[in-house]
Each structure stands twice: as structure tokens, then as C-alpha cells.
Amino acid sequence: MAGSRRGLNFNVLGLARWLFLAFLLAFTALPMVWMFSTSIKTEFAAIQQPPVLFPAEPTFGQYTTLLSPANPTGQQFLGYLKNSVWVSTATTVLGVLIAVPAAYAFSRFSFPGREPLFFSVLVRNMFPVVVFLIPLFILMKFFGLIDTHLSLILTYLTFGLPLSIWLLKGFYDNIPPELERAARIDGATRFQAFWKIILPLSIPGLVATAIYAFIQGWNEYVYARTFINSQNLMTMPVGLEKFFTEYASNWPGLMAASFIMSVPVVVLFLVLQRHFVRALTEGAVKH
Amino acid sequence: MAIAEAPALAVRRAPVAVPARETLGRRITRHWADYLYVLPALLVMLVVIGYPLVYTVWLSFHATPPRTGEWVFNGTQNYQDILSGPRFWRITMNTIYWTVGSTLFAFILGFGAALALHNPFRGRGVVRALLLIPWVVSAVAAAYVWRWILHSDYGLVSGMLRSWGVIDRPLVLLDSKSYVMPTLIAVNVWKEFPFVMVMLTAGLQTVPEGLLRAARIDGASTWDQFWHVTVPHLKGVILITTLLLFVGNLNSFTLVWLMTGGGPANASQLWITEIYNIAFRSLQYGMASAFSVILFIIMLALGYFYVKALTMNAPRREG
């Protein structure tokens, strides 16, 4: 009897599990699928009722408009894209350059004040972005940085740094210090030991940190909206908002723009997510 | 990306014991080179965080009329104005509703996903990766696609329900005072449940299989195993994850701002969107700063629990 009860129990749970997963997949995928489906419809087909998933006459017109520099809309859009690539890349490179030594020091050295300093870096994550928006806006204005990419890069750096430092520190903690000690005995300086031995071993952590910083920069909206006024300096998220207000009824165009904006980060993340998730979970949960 | 709020962890590997007689000053000079490594990070943090923080507090005690540009000390007037403002309790209730609702449902869904994906099956990696997508997609793109899906006249949801005969009038969600909050919460849950999934997937991997087997041998049901073995083991991770979600939601701006802008008639106005309005629509920096300080104090209280939760959790990590 017990056996059959367990069997039944298992089946009910198993079924519930599959239904739940199916629901989750649908819930997750639906907006992305609908985004793409709308983007290949004509403006007229997009508002047809009842809505259909596969348009009878799919068109990639929106994409060619957005991605061709020949027309003003495309020119504008490519400009946003270029700005986003620049700001995100600069943030990523600078972020890694700053985070690596800091994480290494927090992991290996025992200077006074190490723990309070480490905590003060982490505490950044408790602060609401809007709290910093006003003073930073005034600060940037004071230094004449409003309407420059530098204002965004500086701000995004601080968003990314705490997590980057913490992720990388987790990586360095897991590398046995004996490796450096051996290198030191062989005559390497402290910096050489770090550069030649530790850095190559922490490449997965660097990749994770870099993806994170890049996605942050790519997606950020609030500061980009507040600090940048000139249209030719705007990044994608703000550009998308501008699109929306300018071409309010052109849903296929807006969805195509959203799709183009989402593809790079989604692909980047899907390709590298294993690294990322592992790095995150090793630091956050395991240790 | 809720993960922005993720860091955790007390510093382990206590410093090597230093002879007790050495003074702090000497220790600092002996380690001077170590500081060079952390200096760039600290400088950036100091300029972009330390300074603004102090400045916000200072500003919150000043009247900052946008016209004259002359900022005058006015004591706690800004705070009084906020707390007695006609909308204050309304948006406070909205904020609580939004934060608690989002956190709760994102947690349930994310934990459920982690559990459902715990046992391996063919294609599990793909499913897991797909479920992570909403988390990476920009909040701006997410806001617009959901606006489009939920559009009352041409949207997918309204259109399908009508063609199936479930409703006979356009379904108004984002423009309805009573439906706007639940709808926004649903979209927010879509965006952030993957974060919970990631955290708890990792947590589940640390539950010792032997313990579960022992419980099974002792005749514990699936539920008993879950409730008496898995959940207690995950307590630390659950605590950190919910806290991070909570703070993330209290701070989240973009989705609500772009989907409703706080409307209709302030039905979805939150503290964060209100602060933005006060600062950048009405240009009352002093007032907005005071509001930020209030929010900041709440964060600080939460941060205290956060650190406590982390240190409480720390000893087990050693094992």
C-alpha cells in the first residue's frame, strides 16, 4: 500500500512540476516572443483584432529602417546604439581595472581597516539610486559634466564596483595562497606573483564581472535620462523612451527597437551565464 | 537587475595575528602599499557616494526655490511638509503594497522554479537559461513590451480574452485605479523572479544529500523533507534573498515610471517616483532630499538587519 501511495504522490508532484515549469516558460517567453512577432508586422497588422502570433505578411521593414544610416530615424537609432556600446564598454574596462586590485587586496592583505572598508563598499547596495540622483546631478553640474558620457561612466562604475569586488574576492579567496608563496620563493615580487599566477586563474571571475558591468551600463535608464540632454549623446534606454514619445502609435517600430536593444545582452548572457551564475553563487552562498 | 544589490558575506580569513604591541599607526605604515590596491575603488566610491550622501542631508534642511536659486536654511520644514502632505499616506500605502507584494510573489515563483529545476532532466540547462532572460532584459524594453501586451484596445491580453468571449469590453488594466497595482506587481515579478531562482538554486546545491536520504529512510514524506531539512538549511540564503529583493523593490523606479508614471490619479505613485517628481518636475531639491533622507533611514534600518543576517549566517559557511 505504502508503495502505491508513494507512487501516486510522486506522480502528482511530478505533474505539478511539469505544469509549473510550462507555466513559467510561457510567462517568461511570452513578452519576448510577442515583442518579436509585433516587430515583423505592419503597423496595420499590429492592431488587428484578434491578435495573431504569426503575421500573414511578415516584414523586416522596421529593422532595415532602424539599422540603415541613410534615413534620419536609422541615423538617430544607430547613434543611440553607438553611445550605449561606448558607455558600457568604458564602464566595463574601468570597472575591471579598479575592481581587480581592490578585490585582491581585500582577499589577501591584512591592512588595518580592511573589514570596515570592505563593508563600506558593500553598503553602497543598500542605497536607493534616486537618493544619489539629486546630489550627483548638482555635483556633475558643478564640474560641467552634465551632458557628457563621463558623468554616466563615473556613476555606473559605482553601481558595478561593489558586486565586482565582492565576486572577485570570492574567486581570490578560493585560490590557495600557497601558489603565490611558491612564486615569491622563486623570486617573484608580490605584484609579479599576482600578475602571473593569480590573474590567469581568476579569468572566469573577470568574465563574470565584465558581463555584469556591461549589462548594467547597457540597461541603465534613470541616470542616463537625468544627466544627458543632447539627443546625439543619448544611450539606448533613453533613446527608446524618446522613440516612444515621438512615434507613439508605431508599435512595430518600438518593438523592433526594443528587440535590437535586448538581443546583445541576452545573447551575451546566455552564452556566458554558466560562468556568471557560478561565480555569483560561489560567492553568495557557498564559500 | 536585482543582482545589483547582491553582495554579502562577512570578511572571512581573519587577518594574520599581529603582535599586540604594534601600534595602529605603525601597522598602517607597514601596510602602506596595500592601500594602493584599494585606493582607486575607494576614491570612486567616496566621490560618487560619500559626498552625495552628506550633501543630501545638508540639502534636506534647506528651502531651494527654483526661481531665485538662493538656498536658505529652513530647519525641519521640509520634513514636516512631507509628512503632512496630502498624498503622503496614500503613496506610503502604495509603496508598502508594491514592495511586499513584489517580494512575496517573486520569492514564491523563484523558489518554486529552483525546486522544480533541482532534479536533473534532459534540457534542464536550456530551461534554466530561458527563465533567466527577463532578468537581463532592460527594464525600459520590458516596460514597453508589457504596455503593448496590456494595451486595452490592441493588446494581446485584452484581444485574446475578447476573442475567447471571456470579456466583451476592452480590458483596462494600467489605466484602472484598482487594477494598476496588481498588474504592475505581476510585471515586476516577471522581471525579478529569476534572481530568486539563481540564489536558491545555489542554495539547494548546498543541502547535503545524505541528510535528505537519512530523512527518507526514517520515513519522512516529501513535504517533511522539504520543511524540516531543506528549508532550515536554506534559512540564511532565504533571508538574504528576501532582504535584497525587498530593498530592490523599495528602490525600483523604471518599470513604474515608464508604465504608468504613477498614474492614474496617483494610484501607482510610489515614494521613489514621487521623489523624482518633486526633484525633477517641481525642481524642489530640498524637499526631495528630505524625502530621500527618510527613505535612506529606512534603508539603513534594513541594512542593519542585512548585516546581522549575514553575520548570523557566517559560521556555517566555514564548514
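Helices here are DSSP runs of H or I with at least four residues, and strands are runs of E with at least two. Counted that way, chain B has 14 helices and 2 strands. Please keep in mind that this is a predicted model. Its overall scores are ipTM 0.86 and pTM 0.85.

Let me stay with chain B for a moment. It has 319 residues, and 42% of them count as buried. If we take the contacts in chain B between residues at least 6 apart in sequence, 70% of them join residues at least 24 apart.

How confident is the predictor about this chain? The mean pLDDT of chain B is 83, and 89% of its residues reach 70 or more.

Now to the interface. How many residues of chain B are in contact with chain A? The count is 87 residues of chain B, facing 92 residues of chain A. On the chain B side, the largest share comes from helix α2, residues 32-59, which supplies 15 residues. Sorted by class, that side of chain B has 67 nonpolar, 14 polar and 6 charged residues.

Here is one helix pair across the two chains. Two packed helices are described by the angle between their axes and the distance between the axes. From α12(A), the contact uses A:P237, A:L240, A:E241 and A:F244, and from α7(B) it uses B:V140, B:A141 and B:Y144. By class that gives 6 nonpolar residues, no polar ones and 1 charged.

Next, chain A by domains. The assignment gives domain 1 as 2-39 and domain 2 as 61-286. Between them, 4 residues of domain 1 are in contact with 7 residues of domain 2. The domain 1 side of that contact divides into 2 nonpolar, 2 polar and no charged residues.

Last, some backbone details. Most residues other than glycine have a negative phi, and most peptide bonds are trans.

The peptide bond from A:Q49 to A:P50 is cis, with omega near -10°. A:P50 sits in the loop of chain A between α2 (43-46) and α3 (61-67).

A:D147 is not a glycine, yet its phi is positive, about 70°. This residue is in the loop between α6 (129-142) and α7 (149-173) of chain A.

B:A265 also has a positive phi, near 50°, and is a residue other than glycine. Its loop in chain B runs between α12 (254-259) and α13 (271-280).

Are A:D147 and B:A265 exposed or partly exposed? A:D147 has 13 C-beta neighbours inside 10 Å, so A:D147 counts as partly exposed. B:A265 has 9 other C-beta atoms within 10 Å, so B:A265 is exposed.

That is the end of my part.

Definitions and conventions:
Residues numbered from 1 in each chain as written. Chains lettered and ligands numbered in written order. Predicted model: local features only at pLDDT ≥ 70, side-chain atom pairs only at ≥ 80, totals over all residues. Contact = placed C-beta atoms within 7 Å. Nonpolar A, V, L, I, M, F, W, Y, C, P; charged D, E, K, R; others polar. Buried ≥ 20, exposed ≤ 12 C-beta atoms within 10 Å, placed from the backbone. pLDDT = per-residue confidence, 0-100. Domains from an automatic or database assignment.
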